[in-house]
Amino acid sequence: MLGLGACTAGSQLGPGQGWTEDEAKAIAAWPGRQPTGKPDPATERKIAGIVAGMTLEQKVGQMTQPSILSIKPAEVGQYYIGSILNGGGGYPGGKRAASAAEWAALAAEYGRASLSTDMSVKIPIVWGTDAVHGHNNVRGATMFPHNIGLGTANDPELVRKIGRATARQVRATGIGWAFAPTLAVVQNQRWGRSYESYSSDPAIVARLGAALVRGLQGTLNGDGDVLASAKHFAGDGGTFNGVDQGETRASATDYAAIHGAGYYATLDAGVQTVMISYNSWTMGGTVPFGKMHGNRAMVTGVVKQKLGFDGLIVSDWNAIEQIPGCQRDHCPQAVIAGTDLFMVPDDWKTFIANTVTDVREGRIPVARIDDAVTRILRVKFRTGVFDRPITAGRYTGDEAALSDRPLAQEAVRKSAVLLKNDGATLPIRVGRRILVVGDAADSFPKQS
């Protein structure tokens, strides 16, 4: 099975070809979904023409997403880069207190660089950021409660409004893609990222996740709209013993019903990108499918085929290195599995070189590369960046767009939880000894 072998295992398989008996069973557990929209024929013809005129290096460049800490604007044009990102600690010029205008100026510089290539059709870049509860990497941006708080509020309209406010913040910095919402359905509170889950109830996760997508994306090409990303597919909240990036053990039916619920809802809401999860999945606790980034049955068989998703699939930060036989800059198995855009923050140059070599030596089919680039271009066309840069929006550089304190205050009020004082636990009796354990026991930042 592809999820278990070395990087080159099954490398001759193209999209949609041959499933093992276990893979077919796993795919069949997911109810079919009727796509809510259809690709525009005229746009599809444009995309096909662009892809047909691209070199292999240009195609793989579009599939590559470096960090702003490791790529200069000039290199974007040189290597035909399709996307960049900033993670925590990635700021313009290393300046943590950078203003919205400084962020936007850097975004504009990267954007101009992407249009400076020797390609006959210039392809604009798209910048992604972890704006997961507001634009949390930007000084002065209003923060909203994490998903666990918004799940407590259980108010889809509130979540939609937070999505709109977050999108304005992101556009103020000249960025067009937010890596949210997280659709984890937490099953074990020992998971250290439980606060990223709206609920242990899949229905609440689905309802609120879809609301955030509608808020973030709007009509996709308005001044206050950004791409959303449904993440992390699938099962990140269900790992055994709550071990982060661990093993999710579930039957195929439970896996689809519990951990897939949010994806049906967000795809119906029009989400344009899906991010793959670090975790692995073992079907029924006995049949290992391996790491999700190498799981072709789930990425291609379920997301692209069964769920009819025609947007782009992006990897998580250096996640491909967790697949047996792969490294962070080399993983044909992940390409074959169906990921389209690769988050390789630092080792992007060697990733491009290795992937080009894999295609030329027959380890990755050209058809898989063309599928990836087609999806990337489709999403870019839908956002309107071919006609107008993200940085041309009316919120660009606007510090006022970063702030929405009344909305945050409303969210805090609605997410407040009243605990029952069973057994007269509080107030704590003077002189009573209480053990508090963990490295966050005396850490205000972690506790908040």
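**Helices, strands and a disulfide in a predicted model**

Helix 7 passes helix 15 in a left-handed crossing, where left-handed means that the near helix is turned anticlockwise from the far one by less than a right angle, and right-handed that it is turned clockwise. The structure is a predicted model, in which local features need pLDDT of at least 70 and side-chain atom pairs count only at pLDDT 80 or more, while totals for chains, interfaces and linings use all residues. Residues are numbered from 1 along each chain as its sequence is written, and side-chain values use heavy atoms, with hydrogens and water left out. Helices (H or I, at least four residues) and strands (E, at least two) are DSSP runs, numbered from the N terminus.

**Helix packing**

- Two packed helices are described by the angle between their axes and the distance between the axes; the axes are lines fitted to C-alpha atoms, for helices over the stretch in contact, and the angles run from 0 to 180 degrees between N-to-C directions.
- Helix 7 (residues 156–172) and helix 15 (residues 405–415) pack at an angle of about 150°, with their axes 11 Å apart.
- Helix 7 and helix 15 are therefore roughly antiparallel to each other, given that angles over 145 degrees count as roughly antiparallel, under 35 as roughly parallel, 65 to 115 as roughly perpendicular and the rest as oblique.
- Leu158, Lys161, Ile162 and Ala165 in helix 7 meet Leu407, Glu410, Ala411 and Lys414 in helix 15, where contact means heavy atoms within 4.5 Å.
- The axes of helix 1 (residues 21–28) and helix 11 (residues 296–306) come within 10 Å and cross at roughly 40°, so these two helices are oblique to each other, and their crossing is right-handed.
- In this contact, Glu23, Ala26, Ile27 and Ala28 of helix 1 meet Ala297, Met298, Gly301, Val302 and Lys306 of helix 11.

- Strand 8 pairs in the parallel sense with strand 6 (residues 247–250) over four bridges, and two strands count as paired if DSSP finds at least two bridges between them.
- Within that pairing, Trp281 in strand 8 is the bridge partner of Thr248.
- Strand 8 also runs antiparallel to strand 9 (residues 287–291), joined by three bridges, with Ser280 opposite Lys291.

- An open sheet of three strands has the order 2-3-4, with parallel pairing, and its edge strands, strand 2 (83–86) and strand 4 (177–178), each pair on one side only.
- Strand 2 is joined to strand 3 (residues 126–129) by four bridges, and Asn86 stands opposite Thr129 in strand 3.

**The disulfide**

- Counting pairs of cysteine sulfur atoms within 2.5 Å gives one disulfide, formed by Cys326 and Cys331 with their sulfur atoms 2.3 Å apart.
- The torsion about the S-S bond of Cys326 and Cys331 is about 65°, so the disulfide is right-handed.
- Cys326 is buried, with a relative accessible area of 9%, and Cys331 is also buried, with a value of 3%.

Definitions and conventions. Buried < 20%, exposed > 50% of the residue type's maximum accessible area, 1.4 Å probe, protein only.
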